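User: I would like a close look at one part of this protein. Please keep it brisk and give the cut-offs as you go.
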Amino acid sequence: MNFQIDEQSWQEDFQFLKKKVEKTVPSYHFSENKKAFDEIYEVISTSQIGNNKLEIVYGIQKLLNTLNDEGCNVPLFQNGIALEVLPIKPYWFNDGLFILDASENYKDVIGQQIIKINDATVDEVFNELKPLLNADNEYYKKYLFQVYGLMPSVLNLVGFGRSNSEVTLQFASGNTKQIKGSTINDYLQLSRGLPNDEVFSFTNKDYKGKNYWSEMLPNTKTLFVQMQRIANNEEGISFSNFVNHIESFIKSNKTDKIVLDLRYGGGGNGFKLKRFTDLLRDSNTINKKGNLFILTSKATRGTLLELASILKLNTKAILIGEPTAEGVNTVGDIKYITLPNSGITVSLTHTLWDTSWQKDRSTFLSPDVSVEYNYSDKAKEQDPWLDVVYNYEVKELYQSIPSDFKNQLIGTYNIEGRKVSIENTNGRLFLTMNRKMKSFFEIYTELYYQSEGIFSTDIDGVALAYTKNSSNKIKLESLKWKGLNLNID
């Protein structure tokens, strides 16, 4: 890697990057992203680049940040950049930023709430760092800040640093501490110990390094399933056999409820999910309100986000937790490119995996029931997500569609170029749509009578609008989809 190249070479590198982004990244072609990207590129292409390593990296990050995709970035720990990070591991709780683990030299700061970083408040630093935090939304930016906000050289670059090697933290207790930066490997040895993350809290059984695992919640018939990556475990049963295991529990009546924990991780192969999601959708036992729960957090992304979205559109699942790290139409599958003159490696995403309509620009999936995770919960080793599961009561009262409407509604319709059907299954009407090739977007949701002119569904914010003439003839007008109004032909 060489940062001592001339201006022409830098401009060639940025031209190369722009062409790769245009050709590779789907989200570049969203009009608002393209406009922002091109504006910043214009500034860069008419400016002196210089040879300051951090300023150059910052410029590339700021440019890629316009794509609103955490997969588009400059990996800051690659050889030639390798920025130091403080050897502490904080977590941004609902009530503040607290340190959960630290290296041997700094164990005394565990449990402290950080209120200032180099004399600036946490919020001040976060707001200044946002252009460096490449993510779909603010929730995941806060998650990324737990690392980027602890990098001395990055803080120095944006005006909140005192040196490239250490940071002064001020705590709510009134104490302060100077902490020296260390390698990313030292940081990765630390653990936040979040609720049931790779450890089943009821028995302390360790599942470290497992992509998926399951346990029965004590004294219940509820199966707790955690997935962190949709790929075969290195040891033990394959993902396919893991789904077989869950199926056997359902069919043998060993479980009547499933809690699916998708709070941690996010990679893998989304095409492995189809059999699992169909299993839950087709189960008369599990696919009921109050019998299927999905736990989400501000780190739920990638294939786990796709899984949550698919189940929300095709089952009666209840989402519990925090807004997710990404929107329902995610851009994934990373491709690394190397800028030809400087040798900087850049990460770009190249495939759009949709679980919603193309017009859906939502940047996160909202929970049905929100969870506030405070430091006091962590201190008491409580899992407030499971507290919601245990205390959840099915309160929704749905009205069935009048019988004289049903036969009128059954049929196939066209919405945004897709064939959507209304089917009668055992006297209940379902809105359905099959997925296309290289897409995870499919719908299977029950219809209900909400009010005159509206049929609701099991999906929050999704309903069919209709009109009725003097002869009680029904005509579907539009699909109301989370703020969108999609015409029905």
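Which residue's side chain meets that of K274 in a salt bridge?

Analyst: E442 is the partner of K274, with N to O at 2.8 Å. A salt bridge here is a side-chain nitrogen of Lys or Arg within 4 Å of a carboxyl oxygen of Asp or Glu. Side chains of opposite charge can pair when their charged atoms come close.

First, the ground rules. This is a predicted model, in which local features need pLDDT of at least 70 and side-chain atom pairs count only at pLDDT 80 or more, while totals for chains, interfaces and linings use all residues. Residues are numbered from 1 along each chain as its sequence is written, and side-chain values use heavy atoms, with hydrogens and water left out.

Now the pair itself. K274 sits in helix α9, and E442 lies in the loop between β21 (428-433) and β22 (443-451), so the bridge ties together parts that are 168 residues apart in sequence. Helices (H or I, at least four residues) and strands (E, at least two) are DSSP runs, numbered from the N terminus. E442 is buried, at 5% relative accessible area. K274 is partly exposed, at 26%. Buried means under 20% relative accessible area, exposed over 50%, and partly exposed in between, using a 1.4 Å probe and protein chains only.

The pair belongs to a network. Salt bridges that share partners join K274, D278, R281, D282, R435 and E442. The structure holds 29 salt bridges.

Next, helix α9 (residues 274-282). Its axis and that of helix α10 (residues 302-314) come within 10 Å and cross at roughly 30 degrees. Axes are lines fitted to C-alpha atoms, for helices over the stretch in contact, and angles run from 0 to 180 degrees between N-to-C directions. The crossing angle therefore makes α9 roughly parallel to α10. Angles under 35 degrees count as roughly parallel, over 145 as roughly antiparallel, 65 to 115 as roughly perpendicular and the rest as oblique. The crossing is right-handed, meaning that the near helix is turned clockwise from the far one by less than a right angle.

From α9, the contact (heavy atoms within 4.5 Å) uses F276, T277, L280 and R281. From α10 come L307, I310, L311 and N314. By class, the contact has 5 nonpolar, 2 polar and 1 charged residues. Ala, Val, Leu, Ile, Met, Phe, Trp, Tyr, Cys and Pro count as nonpolar, Asp, Glu, Lys and Arg as charged, and the others, Gly among them, as polar.
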